[in-house]
Amino acid sequence: VRLKRARLRSVGGSRRRPDLDAGPDSLAAPQQMKRGHDDVLPANHGIASVLCCVCGVSMIPNQTMRCAQCLKSEVSIIDGIPRQIALPRCRNCGRYQRPPWTKAEPESRELLGLCLKRIKGIGKDVRLVDASFIWTEEHSMRIRIKITVQKEVAAQSILQQTMVVEFQIVNQQCEECQKSFTPHAWNAIVQVRQKVPHRRTLIMLEQLILKNDAHAKVLSLKQTPEGLDFHFGQRSHAQRFSDFVGSCVPQQVKNSKALISHDASSNSYQYKYTILCELCPVCSDDVVFVPKGHSARLNGAAPLLLCHKVTNAIRLVDPLSLRAWDVPPAEYFKRPFQTVCHRAHLTEYMVLNVEIFTDQSAAATFKHHLPGRGKLAVGDVEVVRVADLGVNDDRYIVRSHLAGILRPGNHVLGYDMRAVNVSGLDSDGIGETASDILLVRRAFKSKKSKRRAWEMKRLEKTRDEGQEEIDEEADLEAVKQDLEEDPELRRGVNLYRAQDAAAPPAAGGDDEDDEDEDAPEIPLAELLEGLVIGGGEDSATMPDS
């Protein structure tokens, strides 16, 4: 045991720590080799670096063994990209050839995309990273674009370069402008015609076209004494426009075509198509004559009926019983009935007394067949002609469907059937059933000096050389009065606030007593903003098709 202990002591004495024998200065070495928690390893720690084979700069090794500067000087990824490109543009309309011909504003996103699509050499290998315009003088006929592209030249080696591409604008005529200098500027025409002495229906149709933007494909609009001519570049556009007109006004359509050219070798023909839209001549407030046995739809109707409204069907009303009938366009054009009176024959009367019938059972059974949305009622109205005031004491007691909206002292417009010539008509039962006076609508007194706070937008029209200008002031005023009186009619029309609306007249003027207190007015909430009407005319430019 003693011998074993002595051996262990001798072994322990020989295994002494060398750092303890080195002295106090040797203690700092192990402490410097330790890394603290806040120390950060260098970026290239653990990554092998080599020297560039050209310039000798330390770099991360790649397949080419060249640094980025040397690789950029030796390899070019923009060699296949042209630096000058021709860009066709139409001098007349200012559109660019995409194709098709497209409108683009200077330095817009549309123009930038149009130019980039014409640059060849950019695809899957060479990727486009950035593109921007460089300013050029407006009349230099040049567009400069700075582009940045990238390409992978080796494994894990992507090269990025920047270059400037210059586009030379070349003047060229588009197909539409080429046609404009020939007699064949259009391919299809829609002729809207109505055989009436006024143009109220055409003005209202124009407002419906503007409301629904149905004139987007119209090349030009010509005004004629008989109606309007709409020119289109394609036949399908004309057919779609004709269908829209039929959804607004009852019409009868006739199609025709004329041969323009024929190529016998290729057996190809070129036609011009004409669509004639003949509108129904019956308008609102007209009195029509329905002969006996006209149709089963008008069975039991009186010989003389009043046209209450014209939409995609004709709404006829019996002013003595308030019964209503709807006549579709196909039924009307199969058996058309004749107009006896229109607005030019109206006479102004003043209401003296009104007696409404308590029993309204003679009216239509269904609510949706009642005209006037329940405001109209049958009754006896005592009237006197305004022209006879102070001349005679003739008074008339008339049965009318306007008894529900008339009050003593109001003015009303009506037809004097005693002065209407019905010769040529089968008028056997007219004298027995018709009244001497048919009241049509209430008349409102308004100030002549008062200007409306709203205006209507109009389409730009052309006319043949030497043709006299058509006067539409009276018809336009009649349409504006109808819009003020009928809120339902205003739903299909865009009305705009007038920029130069006159200030209201001062109190105490001579015209204060000339206006009815309940005269209809369009509220400002229904008016739109954003249209500046210049020159005091109700005109607006038709947008490009």
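**Reading a core and its helix packing**

Mentor: Val-190, Val-192, Leu-205, Ile-209, Phe-230, Phe-232 and Phe-241 touch the most other members among the 25 residues of the largest nonpolar core, a core being a set of buried Ala, Val, Leu, Ile, Met, Phe, Trp, Tyr and Cys residues joined through side-chain atoms within 4.5 Å, where buried means under 20% relative accessible area with a 1.4 Å probe, protein chains only. This is a predicted model, in which local features need pLDDT of at least 70, side-chain atom pairs count only at pLDDT 80 or more, and totals for chains, interfaces and linings use all residues. Residues are numbered from 1 along each chain as its sequence is written, and side-chain values use heavy atoms, with hydrogens and water left out.

Trainee: How is the packing of two helices described?

Mentor: Two packed helices are described by the angle between their axes and the distance between the axes. Here the axes of H7 and H8 come within 11 Å and cross at roughly 120°, the axes being lines fitted to C-alpha atoms over the stretch in contact, with angles running from 0 to 180 degrees between N-to-C directions. Helices are DSSP runs (H or I, at least four residues), numbered from the N terminus. H7 and H8 are therefore oblique to each other, since angles under 35 degrees count as roughly parallel, over 145 as roughly antiparallel, 65 to 115 as roughly perpendicular and the rest as oblique.

Trainee: Which residues of H7 and H8 make the contact?

Mentor: Leu-205, Leu-208 and Ile-209 of H7 meet Phe-241, Phe-244, Val-245 and Cys-248 of H8, contact meaning heavy atoms within 4.5 Å.

Conventions: Buried means under 20% relative accessible area, exposed over 50%, partly exposed in between (1.4 Å probe, protein chains only). Helices (H or I, at least four residues) and strands (E, at least two) are DSSP runs, numbered from the N terminus.
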